Amino acid sequence: MTTSEEQAVMNTAVIDHAWSLVEAFGRMRRQDPQEAAAAGEEIARRLAALGLPVTVHRPRLYLAVPRDAHVTLGGQRFRARPAQLAQTAPGGLTAPLVFVENPVGPPAGWTPGTAAQFGEGYDPAPGVPDVRGKLVLFRGMILAERILHFAALGAAGVIAVNPGPDMHWGSGSAIWGTPDLDDLPARTPIPGCAVSKPDGDVLIAAAKRGEAATLTTIVEEGWFDQVLPEVRIPGTEPDFALLHGHYDSWDVGVGDNATGDACMLEVARVIHANRQHLRRGVRICWWPGHSTGKFAGSTWYADEYARDLARHCVAHMNCDSPGCRDATDYPTIPWMAENRAFVTDAVRDATGKVAGGKRPTQSSDFSFNNLGISGCFSASSRIPKAEVERRGWYFVMGNGGNTAWHTDRDQMEVADPGVLLTDIRLYALALFRLATLPAIPLDPGALVADLQGHLQRYAKAAGDRFDLSPAARAFDDLARRLRDFEAANSDPAVATRTRLAVLRQLVPLDYTRGTRYRRDIGLPAPPLTHLAVAAELDRYPPAALGFATTSLRRGLNHVLAAVEAAADAIP
């Protein structure tokens with residue numbers, strides 16, 4: 001149920017200002033850093049014209065701009081999309097082709113350099129053919145983890161065969177944001193690209209005949225001055241909620257993410273118009289460097305304001321690809337366990353729909369996991385599954401499910417003003433609630449229950465090879481303390497402080513491998529990350545099992561320290 005103030009917030013929203021920005025960005029190819037910076041200035045100009053308090057940051061970011069890629073086979077030349085921030089092959093890399101039907105990556109910790117420790121004859125990727133020195137073809141999107149897996153197996157380069165007639169842009173980097181000195185050795189060591197399915201089928205046939213091809217990738221890398229507009233609307237307390245999304249794009253990127261930029265523009269106007277109700281402040285940021293810098297803009301902000309965010313940010317919401325045509329369902333909203341109920345309530349109250357969700361992936365500018373900040377959204381509305389299947393489309397992450405995602409077809413026809421207005425009202429309501437409810441609407445107990453479930457699964461997989469019972473006891477104690485606290489406490493301010501203190505310890509456990517003030521690597525993070533090796537112990541030969549259990553011992557120490565700190569934070 002919505003309050004009169006919440007209903008007023010949603011009723012304040014109009015489409016005019018937002019749609020005007022979508023139309024403007026539909027003519028701006030925000031892939032190039034110079035045009036992206038001009039788009040950032042345009043956002044700032046429009047915010048100022050609406051009377052909003054805008055600050056323009058000017059970070060210098062390391063970006064990689066794809067310029068060209070192609071694959072040549074005999075006399076044929078196939079267009080391709082280069083994987084940015086992977087190794088490049090501007091002069092062309094010629095090697096035999098090999099097709100991998102069912103890619104399997106090596107287990108954690110396996111590299112050619114440490115292979116001897118795993119024992120002679122050990123196969124790190126059962127069923128995968130010999131890819132050493134070859135150009136590997138596989139079906140799917142270009143992903144950093146795929147390139148790195150094949151690089152570890154000795155491949156010379158990687159070609160992703162996309163599922164349809166388009167070539168989709170994608171990242172080849174596992175480094176999150178602008179690299180620091182410790183990140184640089186994690187640079188993807190081989191080139192990669194994406195080709196369309198028709199062209200890929202020709203290459204796969206050539207691979208089966210034992211032919212060779214030449215891969216060429218050209219990417220412009222360097223430091224670029226970028227623009228990061230930010231609106232800060234203060235509340236009566238120092239804490240704040242953060243709404244954010246990227247404005248750079250592949251090509252003009254109407255559905256990814258001009259519609260999101262427009263959504264945030266109108267949400268900023270709406271929240272500012274109702275600012276007299278704010279208990280906590282609101283910050284709204286438009287990021288550069290999302291596509292070409294692997295979330296470089298949000299990472300810069302997380303680094304620049306790390307201590308402030310760690311002390312005062314109650315939650316963050318990402319806004320990516322709302323307002324796309326025919327996107328009327330909410331089946332896969334990224335949410336963390338502690339904000340699941342908050343998101344489902346907001347979707348119900350703003351749209352009348354039942355929301356479904358999924359675990360957030362290592363994407364979408366979730367650059368605040370290491371700081372322990374709860375995050376949600378990214379995707380919001382999507383085209384109903386039955387309609388996607390009727391059209392014969394395949395799954396894509398953004399654009400509401402429209403396969404124009406990450407292609408030069410992502411033009412004005414992808415967006416819909418009516419759907420966008422609905423999503424604006426949803427984001428406005430959710431952000432307003434984060435800023436006005438007496439206690440933050442986050443449930444650490446739900447996250448503890450999730451972590452306990454993952455721990456049980458890992459303990460079952462590990463069996464008698466490693467004892468995870470100390471972690472089970474620590475989580476049981478934490479869950480009991482949380483239940484007792486929530487039952488006894490009636491002070492919203494104490495509830496907010498306690499929930500935040502607990503989440504600051506637990507969110508990194510579920511999503512990160514690294515430390516609080518270092519961005520994590522941009523590869524899939526399994527739940528309860530420091531203990532996830534337990535699920536893979538069957539993949540380690542006896543010669544390497546001791547190394548894996550040593551990783552678990554150190555991971556267990558990390559988990560116990562965090563869980564105990566979370567328990568100590570409960571009054």
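This is a predicted model: local features need pLDDT of at least 70, side-chain atom pairs count only at pLDDT 80 or more; totals for chains, interfaces and linings use all residues.

Side chains of opposite charge can pair when their charged atoms come close. In this structure there are 41 salt bridges, of which a few are described here in turn.

One of them joins Arg-132 to Asp-130, with 3.0 Å between the closest N and O atoms. Arg-132 has a relative accessible area of 60% and is therefore exposed, whereas Asp-130, at 40% relative accessibility, counts as partly exposed.

Another salt bridge is formed by Asp-201 and Arg-139, whose closest N and O atoms lie 3.2 Å apart. This pair ties together distant parts of the chain, since Asp-201 belongs to helix α5 (residues 197–208) and Arg-139 to strand β6 (residues 135–139), with 62 residues separating them. Asp-201 is partly exposed at a relative accessible area of 28%, and Arg-139 is likewise partly exposed, its value being 41%.

A local pairing is found in helix α13 (residues 469–488), where Asp-477 and Arg-480 are three residues apart and therefore separated by about one helical turn. An α-helix has 3.6 residues a turn, so residues three or four places apart point the same way. The salt bridge between Asp-477 and Arg-480 has its closest N and O atoms 2.6 Å apart. Asp-477 is partly exposed, with a relative accessible area of 25%, and Arg-480 is partly exposed as well, with 39%.

Salt bridges can also be followed through a group of residues: Glu-6, Asp-345, Arg-348, Asp-349 and Arg-433 are linked in a network of them.

Turning to helix packing, helix α2 (residues 16–25) and helix α3 (residues 33–49) meet at an angle of about 160 degrees, and their axes are 12 Å apart. Because angles over 145 degrees count as roughly antiparallel, α2 is described as roughly antiparallel to α3. The crossing of α2 past α3 is right-handed. On the side of α2, the contact is made by His-17, Ser-20, Leu-21, Ala-24 and Phe-25, while α3 contributes Ala-39, Glu-42, Ile-43 and Arg-46. Sorted by class, the residues in this contact of α2 with α3 are five nonpolar, two polar and two charged.

Where in the chain does Pro-191 lie? Pro-191 is found in the loop between β7 (157–161) and β8 (192–195), and its relative accessible area of 5% is the reason why it counts as buried. Leaving aside residues up to four places away in sequence, Pro-191 touches Gln-87, Thr-88, Ala-89 and Leu-93, then Ala-156, Gly-157 and Val-158, and finally Leu-215 and Thr-217. Pro-191 can also be placed relative to Ile-218, which is 27 residues away in sequence and 9.8 Å away in space, taken from C-alpha to C-alpha.

Definitions and conventions: Residues are numbered from 1 along each chain as its sequence is written. Side-chain values use heavy atoms; hydrogens and water are left out. A salt bridge is a side-chain nitrogen of Lys or Arg within 4 Å of a carboxyl oxygen of Asp or Glu. Buried means under 20% relative accessible area, exposed over 50%, partly exposed in between (1.4 Å probe, protein chains only). Helices (H or I, at least four residues) and strands (E, at least two) are DSSP runs, numbered from the N terminus. Axes are lines fitted to C-alpha atoms, for helices over the stretch in contact, and angles run from 0 to 180 degrees between N-to-C directions. Angles under 35 degrees count as roughly parallel, over 145 as roughly antiparallel, 65 to 115 as roughly perpendicular and the rest as oblique. A crossing is left-handed if the near helix is turned anticlockwise from the far one by less than a right angle, and right-handed if clockwise. Contact means heavy atoms within 4.5 Å. Ala, Val, Leu, Ile, Met, Phe, Trp, Tyr, Cys and Pro count as nonpolar, Asp, Glu, Lys and Arg as charged, and the others, Gly among them, as polar.
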